[in-house]
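This briefing covers a nonpolar core and a set of salt bridges.

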Amino acid sequence: MATTFDEDNYTLLDLKYKRQTIMAGLETYIHQGSTYIVLIDLVSALELNITVDIDGATGFINTQDQTFSLENKQSQWSLTTHNETSMINANDIVIHEGFIFVKDTLIEDWFGLTFELKYALLILNFTTESPLPVLQRMKRSNRKIRSVTTLGAANNPLLETPYALLELPAIDFRSSSIVSRRKDKDVDTLNFYTLISHGDLGYMSTSLFLNGSHEEDLRNASIRMDRFDHRKSMFGPLKLSQISFGDLSHPSLALAPSSSGRGIIISNDISTQQSSRNITVIEGDFHPGQEVELYFNNSLIGYQIVPEDGHYIFKDIVLFLGNNHFVLKFYGINGTIETKHRNILVGSNPEDEKRLKYTLSISQPNTDVIDLNKEDDSEEEEYTQSVITTRYAFNRYLSFSAGYEVTEEYNEKTSYTSAGFQTAFFGTTLNANTSHKEGQLLGSSFSISARPFGAHLRIGTTIYDEIYSFQDPNIPSSDTVILEQDYSFALSARYKFTSYTFFGTRKDESIGYKEDYKLGISGHAFGLSWNNTNTYSFKKTDNNASNTGDPDNEVELLDGGLFFGRYINPFSLRLNLGYEVIPETQLKSVGLSFSFKPTAKASINTNISHNVIDDTTNIEISGSWKFKYAQITPRIQYDHNDNILALVDISTSLGKRNGRLGNYYNLDSKKRSSKGVIRARLFDDFNNNKTYDEGEDLLSGGIIVAQQYRSNATSDNSGIAWIEHTKSWVPTDIIYEPNTLNDTSMSYSGPDIAIVARPGKVINLDLPFTRTGDIDGTVYRPDDDTTNYPVRGAIVAALNAAGEVISRNRTDLDGYFSFTGLLPGHYHLVVQNEHIQYTSRLDAVITSAGDFIDNYNIVITEKKKQRIQFPGASKNTTSPFKKTDITPNTLNSKPSQPVTTASFPLPKVSPVLVNPTPTLLPQEKVKLNSAPAKQTPTQKKGYSKQYAIKFGSFSNPKYAAESINKLKRSGKSVYKEMITTPKGTFTRVLVGPFNSKQDAESSKKDIDRQYKSKGLVVLYKKQP
């Protein structure tokens, strides 16, 4: 017996792929534990090249060799794919109300899907390994579908954020008081402090780091001033993008001395993100005593504890061609983790083509602006270094670089030069470089970079001339070591949940050779994260070559660390193991830390560490409490020798805020100094001048997204949305999430913008909005008896006065369509591939008052054989309008530059543009009066429909009762239905009835706005 549907099992589901809504209002029937899906809607949602009609479907799935043909012959369904035909069970396909419904398991086999029905939420999730067209398109548009998907660079024009002459900075301050009692000794008391500050000074971004003690004054101090311009417009023809003063890491040439110290850098290339070297140093300042880990490509490649002076440094970090993204993780004393990001680019960006890039640096190496190490300042000028580097890219396949460096030490000058090129072929890049000292060859280097199977690979070698020599501190100072050649290999890859990074070098010297290897492995599974880093070194010295007369000496070492972490709210656990394999296999250290956070403002921490070699154990117990103005962390440490150490850390942050009543500064326990803040003000731009004027309404509920930061905020009753703790110096697009304002009839009307956040800086944005209007109507087709039928599935386009497509819709079962969020202007509607016989309006005008225009009804004739095409698609085009690519993730709802296409793409239902309305009863013919234009089609006499609003379906009767009472208190007519499904019994809450669909739609908007719900308009069934 063939399957038949019970209308009580009819429902509309949101089709989702990994939390991304693909289609809203997918028509389904839940029948005997299976979900039957209307085929034409699913094919449209997945954007498959398949045509569906009442007799079947033909086309292909992903590629043209994946043919698909579904046929119905003599009441028997058959499927043909790859020239193989299979018969289909009659109960798996149902013809209902003129549409094909297919069982979910059958669709899974056809298209390689896996469905998961969440009936209580009215959601149908699916996953797939097949490259379906809709998923490929969404990837191209930078939507986040998988957790590993990364957003591209900001595309919108950068908004200028001016620097200030003097602006009170954001400050993070930490003070530590230590009381220690050692066995048989007196009690000692020490006080330490750390200050990190960022703000504007002299129209430059200024950062300051101070670390010291009350007894010993300053231990370390550094200051840096930067002005970056990503538009490269500073100093006119110089087109500078960077000016930096203070304590800096300076660029250098290959095989020439490098520099880190006070100086100046000017560049039309942001040198903090650019490098032409294969090796770099990552360093910085942070609170002493905290653990810091360095990750590359999600693999742990370095670990240390920030020393007492607060300056951490990771040396000899290998770089790959392209963007190298590093992450620094700092583990705080109260169980917190802070992260910093570093991006270093090797090679040229596509935007660098045909542009000369240069960087000029003048420095005093190993000397700080605030010099705490020298007692005599008379020798400060005895060592200086000047460097200029240049690069020029002819195209993406060929670029050249050159540099010149001069060092002066005790009035003796030494010059270095360097030149090289980079070329790409078949996905592989070759780099070559030569360096000279005083005109004599120092060495030549060669490297090959590639990305096989998605991994990063680099192989390089450097051949030295005899002039390149150095003093080895491990041998007598009278001996000179000459490097002959070195080799390097680097590989970074990711496989499923595990990341691998491997570095290896070998140096051949005149007295022997040495090899160094480092392997980092990181992964996560079942909520457990783990990291492993291993370092191997081998050195062989030919002592006869060093004139010592001793036999050959070999040194071999292999050690590493293993780290495990697990977080289950409110508990977190971290285990670290230090071990040695060569020269002796042994466990060196064990550490275990446990944190419990009963509230967001309090935590209790325990840390136990044991040094196996020294057989010493330390136990630490601490707590952390966040108050309004500060955070207090007391700690007690105890070791096996009965030594006790008591510490109290007090930290606070002074951050700037901008309010409606002016600027103010507030103390709190959040770290603010290294992060920026975005303050967006949303307002009703009533006079359309794009500027906020006194008295214009401020808008609440709007969600603003900093796309590249993956951060968002919602505007409050003052129209202000705060996005805090942003990444510094990274451009990001600012996006408004459509239809999130409490006043849903508003649309963003300003330009597309991007901003660059600065540390400790508040960036103010004014975002104008304009009131929008709606156009609703119905599409009909006449039959031979001159009676008009509603047309389902017709694609309707709204054109502006310039003939550009602003939006498009597909009609539902009743032929109904709805365009919402239309900006003020003149609009005309057309139907794809159809000839319009009659319209109830010539056009529609939306004013700034936000007009609602209903009953825009259209009568179409039979389909034309010739397809309507857009201009530019072919010479035989007849279409009078152009298509505009409307991107949902954009602030500007105005049409962009029009592009040409052969026809509309397959229709996709949007939760913003389409209000799908199901028809639970057979469709009736509708007769249209063809007299004056103001008259609209009416339905056949003797038949009238009523409508209701489906408010929600609840598995818990208590929640259903609460919803009913809430709706009744606001004066709504409410009733309920009991639905029995394979998932259990649900209570469906509905509001109604309404005599017209327009009344139901209008009431639905009010209900959605008041209760923040997403109701659906359905046909009203008479209650018993």
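A nonpolar core is a set of buried Ala, Val, Leu, Ile, Met, Phe, Trp, Tyr and Cys residues joined through side-chain atoms within 4.5 Å; buried means under 20% relative accessible area, exposed over 50%, partly exposed in between (1.4 Å probe, protein chains only). The model is predicted: local features need pLDDT of at least 70 and side-chain atom pairs count only at pLDDT 80 or more, while totals for chains, interfaces and linings use all residues. Residues are numbered from 1 along each chain as its sequence is written, and side-chain values use heavy atoms, with hydrogens and water left out.

**Nonpolar core**
- The largest nonpolar core holds 48 residues, of which Leu15, Leu70, Trp110 and Phe111 touch the most other members.
- Beyond its neighbours within four places in sequence, tryptophan 110 has contacts (heavy atoms within 4.5 Å) that include Leu39, Ile61, Phe68 and Leu70.

**Salt bridges**
- A salt bridge is a side-chain nitrogen of Lys or Arg within 4 Å of a carboxyl oxygen of Asp or Glu, and the count comes to 17.
- Glutamate 167 and lysine 761 form one of them at 3.5 Å, N to O.
- Both glutamate 167 and lysine 761 are buried.
- Aspartate 200 pairs with arginine 758 at 3.0 Å, N to O.
- Aspartate 200 is buried at a relative accessible area of 4%, and arginine 758 is buried at 2%.
- Glu167, Asp200, Arg758 and Lys761 are linked in a network of salt bridges.
- Arginine 781 and glutamate 834 meet in a salt bridge of 3.1 Å, N to O.
- Glutamate 834 is buried, with 9% relative accessibility.
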